[in-house]
Amino acid sequence: MKLSRTFFALPAAGAAVLLMAGAPALAASTGSAMADLQPVPLNDAPGSGSAMFEVDGTMVDFTLAYQGLLADAPHAAHIHFGADARNACPTAEDDADGDGFISTSDGAPSYGGIAVSLTTEGDTSPDSGLAIDRFGVGDDVSYSRAGIEVDQATADAIMAGQAVVVVHGVDHNSNGEYDEGDRGASDLDPSLPGEATDPALCGVVQASQMGGVPSGGVETGEASMGGQNLLLAATGGAAIVGGALILARRRTATDN
């Protein structure tokens, strides 16, 4: 069975504390994130890719790109997330039935269910998880969409490193088409060959250090003036206040 397209003035010490306490914090679920997509173990798809996200509240823009998968065939792609999942890509140990393949169901304990269908157009809900006429087709694919509405849990998962991107479709027997072969029927839809729905590429979404400019702030190439930079800012502010106090005391002494 071959499927086609149709199918981010106080003492110096007191000033430092105030500077640190008053530093703006990143807004929740806002910023940039990306996933590095690599072959799923056992399935050994000869491909790679990336997924990039911009999150603003519950609105998401994405760009998905991948290369090396089965040519002239559709590749369903999703953001997966599950509150009880490991929030990770599957390993060979996830082959629950020992058949030598990782099916979508085998991978579910690691990456969870479908949260967003990364379709090229139209609906992006889990209901479109197998809408193979609205996913990328071929071995060199790149497409973007803007203004995708997701729920708050999914937006939070993307920015918290808990969401997983999976691209499906593996030509296990290398015959140039999706067929049942040794793999058999799909565990998701028995009318489809397992090759069409098995996970090919996977990557955990990680928030970018460039993402998330604080409200009213200026992007400087660092994430929200965190850690060492915040300490340097506080120390520098304290030094300025301390210097001003010393200068004031000298002027008072001179006036007297």
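Just after helix 2, Gly112 adopts a positive phi of about 80°. Helices (H or I, at least four residues) and strands (E, at least two) are DSSP runs, numbered from the N terminus. The model is predicted: local features need pLDDT of at least 70, side-chain atom pairs count only at pLDDT 80 or more, and totals for chains, interfaces and linings use all residues. Residues are numbered from 1 along each chain as its sequence is written, and side-chain values use heavy atoms, with hydrogens and water left out.

Helix 2 (residues 104–111) has Thr104, Asp106, Gly107, Ser110 and Tyr111 as its buried residues. Buried means under 20% relative accessible area (1.4 Å probe, protein chains only). Seen down the axis of helix 2, these residues fall within an arc of 145°, so they line one face of the helix. The arc is taken from the directions from the helix axis to the C-beta atoms.

The largest nonpolar core holds 34 residues, of which Phe53, Leu64, Leu118, Ile158 and Val165 touch the most other members. Such a core is a set of buried Ala, Val, Leu, Ile, Met, Phe, Trp, Tyr and Cys residues joined through side-chain atoms within 4.5 Å. Elements giving two or more residues to this core include helix 3 (152–160) and strand 2 (48–56). A second, separate core of 6 residues includes Tyr111 and Cys202.

Glu149 lies in strand 8 (residues 140–149). The Glu149 side chain makes a polar contact with the side chain of Thr58 (2.7 Å). A polar contact is a pair of N or O atoms within 3.5 Å; within protein, one must be able to donate a hydrogen and the other to accept it, and residues adjacent in sequence count only if both atoms are side-chain atoms.

Technical notes
Buried means under 20% relative accessible area, exposed over 50%, partly exposed in between (1.4 Å probe, protein chains only).
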